[in-house]
Amino acid sequence: KTAADSQVATGGEPAAGSAAAADASGAGSDELERAEMKLIIPQALKIKLVADWEAVTREHKLVPLPSSPSIAQILDEFCDAKGRRSQHERLYTEVRAGIANYFQQALEQALLYRFERKQFEDLVASAEHAGRPLEELFGAEHLLRLLVKLPTYLEATKMEADQRIVLQAKLQELLKFMQKNHAQFFAAKHAAPASDYLEWWDTLETEDPGAKPGVAPAVSEKQVSKAHERDVRPSRR
């Protein structure tokens, strides 16, 4: 395994000398290419994705946190179910670590909706949860948001073609695993926040309508529109 492979598996960026390391190990630089990865989101998860978007951005509700099961628990179950029944247990473990690493880095800046900002800040600042890995606090809804965006993140990472194919296959397996267990993994419903939370939101909207305070939308209007075009149409209020 090259230096580039190891860093991709653990969710990091390849070191500056990783291409040279690949050459030294007998793999030419022409074998390293941009990760052009496409993941197929199962229909049941598309419905979850759009329902989550509508609940948070239109109905002003929140995913109950901390989530149960958490992302950590979901990934552990995935590794137990898949890795121990194959000869690739170590590979599943590395992919699990990479997903957790990407989630830790991406959540605050790219996976939260504006309405969730205060919930996130209150959670990580609480005495009970301060310092805990984010994978232990968030669940399937936010993991799915990451998986939708992960191919884009990986485009900036060079890896060998065979490594890209293997990683894509494992991520696709994870999506199928989440689809199979979606009733257990996803929250039954989003929760209405307390009155003081809504007051914060009203103040934010009044002072700076339309602003995104350091948080990019987790799913774009374009992505939701495409999902609706494919007959993913949960009811709107």
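Let's start where two helices touch. On the H4 side, Ile 71, Ala 72, Leu 75, Asp 76, Phe 78, Cys 79 and Lys 82 make the contact, and their partners in H5 are Tyr 92, Thr 93, Arg 96, Ile 99, Ala 100 and Phe 103. Sort the residues of this contact by type and you get nine nonpolar, one polar and three charged. Keep in mind that you're looking at a predicted model.

How do the two helices lie against each other? H4 covers residues 71-82 and H5 covers residues 89-111; they pack at an angle of about 165°, and their axes are 10 Å apart. Angles over 145 degrees count as roughly antiparallel, so H4 is roughly antiparallel to H5. The crossing of H4 past H5 is right-handed.

Now for the inside of the protein. In soluble globular proteins, nonpolar side chains tend to be buried together. Here, the largest nonpolar core has 44 residues, and Phe 138, Leu 171 and Met 178 are the ones touching the most other members. Who supplies this core? At least two residues each come from H3 (43-57), H4, H5, H6 (117-125), H7 (140-154) and H8 (161-180). The top contributor is H5, which gives nine residues.

Take a closer look at Leu 171. Which residues does Leu 171 contact, if you skip its neighbours within four places in sequence? They are Met 37, Leu 39, Val 95, Ile 99, Leu 147 and Leu 150.

Key
Residues numbered from 1 in each chain as written. Predicted model: local features only at pLDDT ≥ 70, side-chain atom pairs only at ≥ 80, totals over all residues. Heavy atoms only, no water. Axes fitted to C-alpha atoms, helices over the stretch in contact; angles between N-to-C directions. Helix = DSSP H or I, 4+ residues; strand = E, 2+ residues; numbered from the N terminus. Parallel < 35°, antiparallel > 145°, perpendicular 65-115°, else oblique. Left-handed = near helix turned anticlockwise from the far one by under 90°. Contact = heavy atoms within 4.5 Å. Nonpolar A, V, L, I, M, F, W, Y, C, P; charged D, E, K, R; others polar. Core = buried A, V, L, I, M, F, W, Y, C linked by side-chain atoms within 4.5 Å. Buried < 20%, exposed > 50% of the residue type's maximum accessible area, 1.4 Å probe, protein only.
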